[in-house]
Amino acid sequence: KGEVMILTIRTDKPESEIGLYAADGSIIQCKSWSAHRQLAETLHTEISELLKQVNAGLTDIAAVVVYSGPGSFTGLRIGVSVANAFAQALGVTVSSANGDQWISEGISKASTAK
């Protein structure tokens with residue numbers, strides 16, 4: 001088993017973002033892509049590819065942080081649904097946040113929720 005990581009998901013705009021962060025908030029790997037209307041079709045694949053890039057698997061995810069808006073309703077709904085599904089399947093915490101510091105705020109929430 002590799003390093004414990006926090007998966008971040010932001011899907012409020014056509015340019016979607018995902019990331020892997022250490023528990024201390026340091027960046028492990030991040031990716032953005034123009035998902036636009038293909039978000040539902042590409043989000044899982046992009047997460048899988050991101051994990052492969054750092055030689056990690058789903059079981060290395062310790063928490064999920066998702067951007068909660070404002071933004072595209074459909075994009076946010078897809079992001080939150082995927083975050084909740086991952087958290088449920090993996091038995092990990094999911095937290096949401098918004099604003100410029102959404103990642104650090106979400107990681108903080110996730111670490112205190114355990």
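What order do the strands take in the open sheet of 5 strands? The order is 3-2-1-4-5, and the pairing is mixed. Strands here are DSSP E runs of at least two residues, helices are H or I runs of at least four, and both are numbered from the N terminus; two strands count as paired if DSSP finds at least two bridges between them.

A quick word on the model: it's predicted, so local features need pLDDT of at least 70 and side-chain atom pairs pLDDT 80 or more, while totals for chains, interfaces and linings use all residues. Residues are numbered from 1 along each chain as its sequence is written, and side-chain values use heavy atoms, with hydrogens and water left out.

Strand 3 (27-34) and strand 5 (93-97) sit at the edges, each pairing on one side only. Strand 2 (residues 15-21) runs antiparallel to strand 3, with 7 bridges joining them, and L20 stands opposite Q29 in strand 3.

Angles run from 0 to 180 degrees between N-to-C directions, with axes fitted to C-alpha atoms, for helices over the stretch in contact.

| Helix | Strands touched or crossed | Angle |
|---|---|---|
| Helix 2 (residues 73-90) | strands 1, 4 and 5 | about 165 degrees with strand 4 |

Then there's helix 3 (residues 102-112), where W102, I103, G106, I107 and A110 are buried (under 20% relative accessible area, 1.4 Å probe, protein chains only). Their cover includes strand 1, strand 2, strand 4 and strand 5.

Note on methods. Contact = heavy atoms within 4.5 Å. Buried < 20%, exposed > 50% of the residue type's maximum accessible area, 1.4 Å probe, protein only.
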